[in-house]
Each structure stands twice: as C-alpha cells, then as structure tokens.
Amino acid sequence: MATRHDTVALLAHIPLPPLDLLSDARARGAQCIWGGEPLTTATAIDLGERVTNDAHWFPRACLRCTRSAVRAARNSHPGQCEQCVDGTALCETRHALHDLLLELRR
Ligand SMILES: [Zn+2]
Ligand SMILES: [Zn+2]
C-alpha cells in the first residue's frame, strides 16, 4: 500500500517498540513491527525512517496493527498536547491522526 508523504510524516510520531527488543526481520521491515506478520510490498505500510543510536532503520507494519497504533495515538494525544487543552477541534495533529485513521479503514 502506497502512503502519501504527509502520512509518513505523521506516522513518524507514532511510538514504536524499542529497536533493541526487535528481531532482525522486524527491524528491517520484513515483518510487521508490532505483530510480526510477514509483509509484502503490497501489504506493508511504511512507517518512515527512524534513527536509533545512529542506526537508520525503516520499520514497516501491516494495516491492522497500523490502524490500532494510530487509534491509540489519536486517543492518547489530547493528554500530551497543549493545543488540545484549549479544545481538540483546534488541533491539527489530532485532526490529521483522525483523518489517517479514516483513511486506514478503507
Ligand atoms: Zn501487524
Ligand atoms: Zn493536539
């Protein structure tokens, strides 16, 4: 599945499991970063480049796990965001996470 550039930018804010706890296959994007499902180019969702201790890696995930990670990020976001304290309707990040979630439902 192809992702738009702003989707990748947004996914960069979604917390991932720590690199040193991941198997080799997960760390290099052969398997879903969360569930370990085998991925193909057609099914994988690119989570953007990450840098951990100077190591550059490119995690990927399956649609189902990405959807629940985005949902969790959207739900926990307002508690960590100053903008959202004034009202979630004003927050662009929350809107973007919400739109991404709708996009992933398709
Ligand atoms: Zn998965
Ligand atoms: Zn916010």
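In this predicted model, Thr 52 touches Leu 19 and Trp 57, when residues up to four places away in sequence are not counted. The zinc ion (ligand 1) has Cys 32, Glu 37, Cys 62 and Cys 65 as its protein donors, while His 77, Cys 81, Cys 84 and Cys 91 coordinate the zinc ion (ligand 2).

- Thr 52 belongs to strand E2, and its relative accessibility of 27% places it in the partly exposed class.
- Although Thr 52 and Leu 19 stand 33 residues apart in sequence, their C-alpha atoms are 7.3 Å apart in space.
- Asn 53 is in the loop between strand E2 (50-52) and strand E3 (55-57), and Asp 54 has its place in the loop between E2 and E3 as well.
- Asn 53 is exposed, with 75% relative accessible area, and Asp 54 is exposed, with 72%.
- The phi angle of Asn 53 is near 50°, a positive value in a residue other than glycine.
- Asp 54 likewise has a positive phi, near 70°, and is a residue other than glycine.

**The zinc ion (ligand 1)**

- The donor atoms of this site are the SG atoms of Cys 32, Cys 62 and Cys 65 together with OE of Glu 37, and they lie 2.2 to 2.3 Å from the zinc ion (ligand 1).
- Along the sequence, these donor residues follow the spacing C-x4-E-x24-C-x2-C.
- The angles among the four donor atoms run from 94 to 120°, and the site of the zinc ion (ligand 1) is tetrahedral.
- Cys 62 and Cys 65 are both buried; for Cys 65 the relative accessible area is 10%.
- Cys 32 is in contact with Glu 37, Cys 62 and Cys 65, and its other contacts include Arg 26, Leu 39, Arg 60 and Ala 61, leaving aside neighbours within four places in sequence.

**The zinc ion (ligand 2)**

- NE2 of His 77 and the SG atoms of Cys 81, Cys 84 and Cys 91 coordinate the zinc ion (ligand 2) at 2.0 to 2.3 Å.
- The site of the zinc ion (ligand 2) is tetrahedral, with angles of 104 to 119° among its four donor atoms.
- The spacing of its donors along the chain is H-x3-C-x2-C-x6-C.
- Cys 81 sits in the loop between helix H3 (63-76) and helix H4 (82-85), and Cys 91 in the loop between H4 and helix H5 (92-105); the pair therefore ties together parts that are ten residues apart in sequence.
- Cys 81 is buried at 13% relative accessibility, Cys 84 is buried at 7%, and Cys 91 is buried at 2%.

**The nonpolar core**

- In soluble globular proteins, nonpolar side chains tend to be buried together.
- The largest nonpolar core of this model has 22 residues, and the members that touch the most others are Leu 11, Ile 14, Cys 32, Ile 33, Leu 47, Val 70 and Leu 100.
- Helix H1 (5-11), H3 and H5 each contribute at least two residues to this core.

**Arg 67 on helix H3**

- Arg 67 is located in helix H3 and is partly exposed, with a relative accessible area of 22%.
- Not counting residues up to four places away in sequence, Arg 67 touches Leu 101, Leu 104 and Arg 105.
- A polar atom of the Arg 67 side chain lies 3.3 Å from the backbone oxygen of Leu 104.
- The C-alpha atoms of Arg 67 and Leu 90 are separated by 23 Å, and the two residues are 23 residues apart along the chain.

**His 13**

- His 13 lies in the loop between H1 and helix H2 (24-27), and at 63% relative accessibility it counts as exposed.
- His 13 and Cys 91 are 78 residues apart along the chain, and their C-alpha atoms are separated by 15 Å.

Technical notes
Residues numbered from 1 in each chain as written. Chains lettered and ligands numbered in written order. Predicted model: local features only at pLDDT ≥ 70, side-chain atom pairs only at ≥ 80, totals over all residues. Heavy atoms only, no water. Donors = N, O, S within 2.8 Å, 3.2 Å for Na, K, Ca; no water. Tetrahedral: all angles 85-135°; square planar, octahedral: opposite > 155°, others 65-115°. Helix = DSSP H or I, 4+ residues; strand = E, 2+ residues; numbered from the N terminus. Buried < 20%, exposed > 50% of the residue type's maximum accessible area, 1.4 Å probe, protein only. Core = buried A, V, L, I, M, F, W, Y, C linked by side-chain atoms within 4.5 Å. Contact = heavy atoms within 4.5 Å. Polar contact = N/O pair within 3.5 Å; in protein donor to acceptor, adjacent residues only side chain to side chain.
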